[in-house]
Amino acid sequence: MEGNGTGMSRAAKKRAMKRQKQQHSKTKQNDNATVEEENSTSLSDEATESKGVILKRKLPVEDAEHQGNNDAKPMKKKSSTEKKMKKKRKASVDDSDDEEETAEHVGEGDAPKSSNNQIEVVVDKILAQLTPRQLLLPSDEVTELDHNEMAEGGLPDPKTLARDITAEKKARCVFNSILSSANITADEFYNEYWEKKPIVISLDSEADKDVQERHRCRFDGFLSMKEIRKLLKTHALRYGQDLNVTRYEEQNDGVKRRVTLDLLPPNIGSVEEGDTVEYVVADAKDVWSNFQSGCTVRLLCPQKHVDPVHSLLSTLELEFGCMIGANAYLTPGRNSQGFAPHYDDIEAFILQLEGYKHWRVYPPFNKMETLPRVSSRDYTDKEMEDVEPVFDVVLGPGDVLYMPRGWIHQAHTPSTSVANEQDGHSLHLTISAMQTWAWGDLLEMVMPEALEAAAASDTTTSLREGLPRNFLSYMGAVHDITSNDDILPNPLNQANNATDENSESEDEEEALKNEKIRKLRESFKAEAKKRIMRVCKERGSISVPCFLAITMLDAGCDQIGKRFLSDRLPPALTKVELAQTSDARADTGGKVWPNTMCRLVRPGIARLVLEDEKAVLYHCADNSRAFHGNPLSPMEFELDDAPALELLLTTVEPHWICVTDLLHGDIEDKMEIAQTLYDEGILSILQSEKPDRTVQVN
């Protein structure tokens with residue numbers, strides 16, 4: 001389930017659609033239609049059906065999937081104080097010539113129903129040629145080409161095109177690229193595998209050599225053994241905080257167990273609550289000596305020191321809508337193993353970067369350990385000897401293994417008898433998602449009583465199933481669509497009711513998108529109600545607490561949204577994005593004027609919450625790459641500032657909104673609000689060639 005990334009509130013759109021219901025008979029004007037990127041989430045018509053859970057392919061993807069972020073057209077609003085038409089503005093681009101040019105590259109049999117679909121198919125086809133690393137390259141590292149220059153086959157250069165797509169589109173493209181070797185789309189993955197069963201993504205051994213080489217190298221540039229060696233020399237990496245050194249070996253009693261060789265902090269025995277733990281700095285020589293003797297080096301949170309990993313995780317947070325973490329595992333060859341069999345409390349994506357590793361994956365032992373909320377203890381070989389693995393496979397460079405929470409696994413490097421050249425080291429990156437991000441976690445905030453017993457149920461996994469992807473984009477107080485406006489605080493009523501009575505009726509596409517958002521909210525509430533009623537039933541409660549909990553869903557979503565902002569990484573902004581923020585104050589002048597165009601620098605990095613009769617804005621721009629390295633610094637505003645703040649936070653690329661079009665009583669307040677967010681580093685601005693300096697603030 002995905003939300004819409006447009007610049008108007010869902011409630012405002014719904015109201016506009018109701019107001020314009022009677023105007024649908026007017027003739028649509030097509031002469032000067034602006035072509036916008038549609039980014040739908042429909043499945044690819046050419047996706048092949050898998051015959052098993054180990055998905056392979058022999059040929060590169062010919063036709064990329066039709067994906068996107070459901071960007072809608074800008075709508076008109078009117079201020080309740082000025083009663084004046086307000087329209088969110090978009091930088092004007094004449095795409096008519098490009099549209100005709102692009103259409104020539106689409107086959108007659110593949111002709112889409114609209115020009116938007118037509119462009120989307122071609123764009124996806126071009127971007128499918130790129131690896132995840134290439135999609136994430138900063139713009140200054142991309143070969144500079146004129147936008148009119150064509151690459152091989154008469155299509156735009158894919159690296160150049162990758163600079164111009166939205167952040168949400170890029171996130172979907174990166175995830176599709178990770179899945180691409182199995183010719184499976186993101187939507188197919190979510191429908192068939194997400195939280196259900198593992199999948200191995202690799203190439204068929206009979207694939208062409210060029211295809212195999214591209215597959216093997218597709219994760220190059222994220223992390224390497226050479227870079228880990230350099231980090232140990234140039235950074236003060238600490239045991240237990242930045243890395244672990246472990247091995248899985250037989251003990252004196254004949255039982256294999258995991259042994260951790262980390263040096264403990266000297267004050268570990270005397271640390272009290274609030275004290276600082278003095279973690280020991282790892283000596284590079286000691287680490288590599290242990291590595292040579294068969295130990296695995298686990299690099300904790302490599303995104304703290306490695307920019308490409310930070311960029312990858314920050315981008316995937318936009319795709320999954322939850323905190324994304326990572327660990328890197330470097331294991332020597334010769335049948336070495338660092339960890340005992342166990343399961344985790346995360347959705348795990350294993351990206352094999354270097355070398356080979358032999359994996360065994362087992363199903364959960366029982367229903368209670370399906371989608372668990374905590375990781376397991378270490379299991380012994382004896383406990384696993386009668387369990388049949390669903391996977392017994394060797395991963396090579398470019399391969400991916402996905403495992404849902406609760407699936408037991410263990411891995412070791414192959415011996416020389418398994419594969420001739422596979423006796424070297426192995427390096428893989430484990431990307432984690434959905435940790436403490438389940439329905440039970442949300443409902444703990446809404447109705448804490450009775451949840452502990454229900455969440456630990458041995459008859460159902462209902463409360464341990466993950467929350468819908470990107471639900472924060474349509475749930476929360478500012479997205480509340482209700483027929484009873486008195487329920488909403490007055491400032492949000494202004495935003496929800498602000499619309500142009502004389503505007504042209506929405507086209508069918510826009511109406512469908514608004515209807516989709518309404519259905520997403522209804523579906524979310526229905527799913528939540530089902531789980532809440534289960535809790536009430538198991539505890540023998542009456543229906544009143546359940547009703548109260550349902551009415552508090554938006555407040556609960558705001559609370560878990562704040563937790564997400566606290567947990568997540570700071571956005572890995574590109575140089576193009578930074579050039580529009582306060583980082584480039586010297587180039588832009590650093591001043592917001594009435595005709596300055598604005599938008600949130602990256603979707604989802606800020607959230608507006610109503611607390612104690614105040615509008616409070618939380619954002620993750622100042623977060624540290626280290627987990628909870630910097631606390632959130634909320635920004636407090638008056639309630640009557642909420643409509644203007646909502647418009648600024650929900651206006652994302654490719655849209656812009658003019659400062660004069662913000663909902664507020666006077667232009668000075670509009671400028672001051674936008675200036676505050678710009679100075680905070682979360683607002684992008686686009687200055688007019690002739691700034692309107694008739695109004696001065698501060």
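These legends walk you through several close-up views of a predicted model. Residues are numbered from 1 along each chain as its sequence is written, and side-chain values use heavy atoms, with hydrogens and water left out. Because the model is predicted, local features need pLDDT of at least 70 and side-chain atom pairs count only at pLDDT 80 or more, while totals for chains, interfaces and linings use all residues.

**View 1. Strand β9 and its two partners.** Helices and strands here are DSSP runs numbered from the N terminus, a helix (H or I) having at least four residues and a strand (E) at least two. Strand β9 covers residues 347–354. Seven of its eight residues are buried, so β9 is largely enclosed by the rest of the structure. Buried means under 20% relative accessible area, exposed means over 50%, and partly exposed lies in between (1.4 Å probe, protein chains only). Strands count as paired if DSSP finds at least two bridges between them. Seven bridges connect β9 with strand β14 (residues 426–433), and the two run antiparallel. Look for Glu347, whose bridge partner in β14 is Ala433. β9 also pairs with strand β12 (residues 400–403), in the antiparallel sense and over four bridges. There, Phe349 stands opposite Tyr402 in β12.

View 2. Rings of Phe, Tyr and Trp (its six-membered ring) pair if their centres lie within 6.5 Å; planes under 30 degrees apart count as stacked, over 60 as edge-to-face and the rest as tilted. By this rule there are 25 aromatic pairs. One of them is the tilted pair of Phe189 and Phe349, with 5.8 Å from centre to centre and 45° between the planes. Phe189 sits in helix α7 (residues 186–192) and Phe349 in strand β9, so this pair links distant parts of the chain, 160 residues apart. Both of these Phe residues are buried. Tyr190 and Trp194 make an edge-to-face pair, because their ring centres are 5.8 Å apart and their planes stand at 90°. Tyr190 and Trp194 are buried as well. One cluster takes in Phe175, Phe189, Tyr190, Tyr193, Trp194, Phe320, Phe349 and Tyr402.

View 3. A salt bridge is a side-chain nitrogen of Lys or Arg within 4 Å of a carboxyl oxygen of Asp or Glu. Side chains of opposite charge can pair when their charged atoms come close. The whole structure holds 29 salt bridges. In this view, the side chains of Glu319 and Arg172 meet at 3.1 Å, N to O. Glu319 belongs to helix α11 (residues 307–320) and Arg172 to helix α6 (residues 167–179), 147 residues apart. Both Glu319 and Arg172 are buried. Through shared partners, salt bridges join Arg172, Asp187, Glu319 and Arg469 into one network.

View 4. Glu527 counts as partly exposed because its relative accessibility is 27%. Arg531, with a relative accessible area of 4%, is buried.

View 5. Asp679 and Arg585 form a salt bridge whose closest N and O atoms are 3.0 Å apart. This pair also links distant parts of the chain: Asp679 lies in α22 (residues 667–680) and Arg585 in α20 (residues 585–588), 94 residues apart. Asp679 is partly exposed, at 40% relative accessible area. Arg585 is partly exposed too, at 32%.

**View 6. An open sheet of three strands.** The strand order is β11-β10-β13, with antiparallel pairing. Strands β11 (391–395) and β13 (408–412) are the edges, each pairing on one side only. Five bridges join β10 (residues 357–362) to β13. Across this pairing, Arg360 stands opposite Gln410 in β13.

**View 7. Charges over rings.** A charge sits over a ring if NZ of Lys or CZ of Arg is within 6 Å of the ring centre and within 35 degrees of the ring normal. Arg599 lies over the face of Trp656, 3.9 Å from the ring centre. Lys591 lies over the face of Trp593, at 6.0 Å.

**View 8. Helix α13.** This helix spans residues 439–446, and six of its eight residues are buried, so α13 is largely enclosed by the rest of the structure. The buried ones are Trp439, Gly440, Asp441, Leu442, Leu443 and Val446.
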